[in-house]
Amino acid sequence: MSRTAPPRKAPGASSPVLPVSLLLAVLVPLLLMPLAAVFVFAFRGGFKDFVSALIAEDAQFALRFSLLIAFLTAAVNAVLGTFAAYVLAKYRFPGKKPLTIAVNLPVAIPTVVVGTSLLLLWGPIGLLGKVLAPLGFSPMFAPAGVLLAHLFVTFPYMLGAVKPLLDELEVTYEEAAYTLGAGKWQTFRYVILPALRGGLFSGTLLTFAHSLGEFGATVMVSGNLRLRTQTAPLFIFAQFEAGNVEKANAVAAVLAALSFAIFFFLLRWSGPAGGRTQGH
Amino acid sequence: MQECSQWGGSFQENAPDGTPGRYPYPPMGRLGSSSAQRSGWPRSLSALVIWGAWGALLLYAVWPWLPGRGRQTRPRTIIVYGFSILGDALDRAVLPAFARHWRTETGERVEFVTSFAGSGTVTNQLIMGVPAHLALLSLELDAQRLATAGVIPAGSWKTLPLGGVVNRTPFILLVRPGNPKGIHDFADLGRPGVTVVHPDPLTSGGANWALLAEYGAAARHAAPGHEREAGTASLRGVWSHVVAQAASARAARTQFENGFGDVLVTYEQDAVHGNEKDGKKKKSAPKWEIVYPPSTVLSEHTLVIIDKNATPEERPIVHALAAFLWSDEAQTLFVANGFRSVRDELNGANPAFGTIADPFLVADFGGWTKVKKDIVDTIWKGEILPGLGK
């Protein structure tokens with residue numbers, strides 16, 4: 001089995017002590033200490049307080065709802081993102097370049113702006129919402145609105161993970177498959193999909209992780225309704241603002257732990273070489 | 001098909017390695033599939049554990065929504081929005097009391113979906129179309145904004161008991177323990193070296209009440225004919241020392257608790273209730289003291305019913321809840337949670353309430369429409385903020 005070449009040593013590497021300690025001096029207060037603080041504060045009132053804050057109905061709802069939305073977002077965008085990547089990588093058509101830019105835009109747009117624009121489109125006073133609301137279809141301030149926002153915000157992750165692989169995949173393989181009598185679907189299923197597997201995993205995970213932590217767009221479109229549309233990040237913010245720091249921290253600690261777990265899962269699948277681990 | 005799958009496999013193994021740098025993204029996918037190359041799907045134990053964990057996570061997430069998990073009768077749902085300091089009083093006391101009351105009366109279960117934010121934020125959300133049935137706003141002005149936007153019929157809240165006012169609370173000053181800066185009145189906030197935390201009048205209803213308190217306390221004791229002058233001077237004194245503005249009264253208190261400023265201008269309810277909550281839990285000395293100014297405003301909180309968001313079947317229960325807010329039971333619960341009842345005889349029940357020599361109401365200054373125009377817009381926004389370079 002031919003594997004990728006073993007990682008090369010950095011050329012002319014000298015003693016790592018100085019640069020590494022410099023890096024640590026920057027990273028410890030910048031990244032590691034804030035993360036540690038969440039856990040220290042979460043358990044400051046004792047384990048019992050932590051658990052009782054966590055099993056409260058609204059905290060449980062917020063966590064479950066966030067996870068559910070993250071699963072749905074990851075599932076939908078896995079399919080949608082792969083399809084978009086396939087179309088953009090394999091077909092030539094006028095307006096391809098602007099479209100490629102457009103589908104990557106959500107990365108650049110502030111999430112609050114995404115929330116606002118969704119409201120102005122689907123909201124009860126929005127462009128489409130005004131027409132649809134009398135028909136009983138109003139996704140904003142409902143779980144569907146949260147899903148819409150998360151699909152929008154996380155769309156480029158799948159694309160970013162899958163499209164480079166598709167670009168790399170030479171047409172000859174596909175042509176060979178066709179020559180051997182494979183249909184379009186068979187080619188996709190047995191030639192293209194296996195080559196994309198790693199990208200699908202990492203893209204789905206990134207989507208999931210981002211959705212789990214999404215705040216800016218969600219706060220706009222959800223109406224922040226406790227036990228109905230309040231996601232875990234919104235719960236944390238609402239409880240913190242209300243002065244219930246312990247409740248906020250308990251959920252924050254769980255969310256942080258989940259993100260760590262997802263991150264390690266991501267590392268495992270993407271190998272020690274890391275790769276593109278942007279986001280959270 | 002056979003050929004195809006072999007093609008897939010051999011593509012994997014012979015995948016070209018020598019093209020780094022050609023693409024903006026590292027070829028994560030190829031690396032990623034390493035452990036799953038031969039078997040198709042991962043079979044090793046650790047993979048099993050990881051997939052099991054994902055499965056468990058998914059199961060946990062969907063658990064309450066699984067079919068067959070007892071939801072005997074769907075409870076009735078009422079959606080209530082409120083301004084920031086109402087959270088505890090409604091969620092933990094008044095709404096559960098109504099649910100009990102309704103259940104014994106009709107046998108139906110009621111559940112509440114609530115959301116709390118600054119009064120201005122709540123108003124904006126209502127205008128954007130959140131599906132609230134009832135909203136408790138911290139000032140009547142927000143109700144008027146809702147009427148202008150067509151969310152509720154104009155003046156509809158005035159047909160409710162007491163013109164829609166559910167409860168009150170005076171505006172007070174919170175200072176650090178021991179009152180090191182010797183603050184006793186709004187006028188003291190203008191002294192050099194005093195720093196003030198204030199909610200933002202643009203999003204917080206409470207902040208508008210605070211503006212009226214700061215202006216009114218001085219204006220009521222000025223020589224006849226000099227009310228405007230005295231009130232403006234008092235406002236200018238306070239606002240030249242504001243160091244932090246939070247979006248809501250609650251958020252302002254959180255800032256104050258975190259060590260910002262010498263003084264916080266806020267609702268008595270928030271201070272009384274906050275002290276009770278902390279005292280019960282930690283038995284530590286309170287982080288602040290309440291100072292009652294000799295003269296201050298009693299804020300009045302207005303209920304609006306958004307009938308257009310309720311179906312005809314929902315309306316009776318929504319109106320029943322609205323009426324319940326003025327009942328003895330609800331008013332007593334409000335007092336227990338630090339609000340002053342609209343019925344003075346009930347207020348003796350909370351020993352934490354202090355005395356105010358000269359309380360006044362917004363009606364004493366001609367109602368909110370006039371106060372908004374003359375004091376908030378003309379004096380505060382028009383004269384004081386530009387003068388301070390804000």
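What percentage of the 280 residues in chain A is buried? Buried residues make up 42% of chain A, where a residue is termed buried if 20 or more other C-beta atoms lie within 10 Å of its own, exposed if 12 or fewer, and partly exposed in between, the C-beta atoms being placed from the backbone. The structure is a predicted model, in which local features need a pLDDT of at least 70 and side-chain atom pairs count only at pLDDT 80 or more, while totals for chains, interfaces and linings use all residues. Residues are numbered from 1 along each chain as its sequence is written, and chains are lettered from A and ligands numbered from 1 in the order in which they are written.

The model scores ipTM 0.77 and pTM 0.71. For chain B the mean pLDDT, which is the predictor's confidence in each residue on a scale from 0 to 100, is 83, and 84% of the residues of this chain reach 70 or more. Over residues 1–41 of chain B, however, pLDDT stays under 50, and the model has 75 contacts beyond four places in sequence for this stretch, two residues being in contact if their C-beta atoms, placed from the backbone, lie within 7 Å. The pLDDT is also below 50 over residues 279–283 of chain B, a stretch with one contact in the model beyond near neighbours in sequence.

Chain A contains 12 helices and zero strands, where helices (H or I, at least four residues) and strands (E, at least two) are DSSP runs numbered from the N terminus. The C-alpha trace of chain A spans about 70 × 65 × 30 Å along its principal axes, and 75% of the contacts in chain A with a separation of 6 or more are between residues 24 or more positions apart. Within this chain, A:Phe141 lies in the loop between helix H6 (129–132) and helix H7 (143–168), and A:Phe141 has a positive phi of about 60° although it is not a glycine. A:Phe141 counts as buried because it has 28 C-beta neighbours inside 10 Å.

Chain B comprises 13 helices and 11 strands, and of its 390 residues 42% count as buried. In chain B, residues 24 or more positions apart account for 75% of the contacts with a separation of 6 or more. The domain assignment of chain B gives domain 1 (76–166 + 303–328) and domain 2 (169–299 + 355–388), such bounds coming from an automatic or database domain assignment. The centres of domain 1 and domain 2 of chain B, taken over C-alpha atoms, are separated by 27 Å, and 15 residues of domain 1 are in contact with 18 residues of domain 2. On the side of domain 1 of chain B that touches domain 2, helix H5 (119–128) and helix H6 (140–148) are the elements that give two or more residues. The residues of that side divide into six nonpolar, six polar and three charged, with Ala, Val, Leu, Ile, Met, Phe, Trp, Tyr, Cys and Pro counted as nonpolar, Asp, Glu, Lys and Arg as charged, and the others, Gly among them, as polar.

Strand E1 (residues 76–83) of chain B has six of its eight residues buried, and is therefore largely enclosed by the rest of the structure. E1(B) pairs in the parallel sense with strand E2 (residues 110–117) of chain B over eight bridges, strands being paired if DSSP finds at least two bridges between them, and B:Val80 stands opposite B:Thr114 in E2(B). Between E1(B) and E2(B) the chain passes through helix H4 (residues 87–106) of chain B in a right-handed β-α-β crossover; the term applies if, with the strands pointing away from the viewer, the path from the first strand over the helix to the second runs clockwise. E1(B) also runs parallel to strand E3 (residues 134–137) of chain B, to which three bridges join it, and here B:Tyr81 stands opposite B:Ala135.

Other local features of chain B concern its loops and helices. B:Leu162, in the loop between H6 and strand E4 (165–175) of chain B, has a positive phi near 55° although it is a residue other than glycine, and B:Leu162 counts as partly exposed because it has 14 C-beta neighbours inside 10 Å. In helix H9 (residues 249–257) of chain B the buried residues include B:Ala249, B:Arg250 and B:Phe256, and just after H9(B) B:Gly259 takes a positive phi of about 105°. B:Asp374, which lies in helix H13 (residues 368–388) of chain B, is partly exposed, with 15 other C-beta atoms within 10 Å. B:Asp374 and B:Arg228 are 146 residues apart in sequence and 9.8 Å apart in space, C-alpha to C-alpha.
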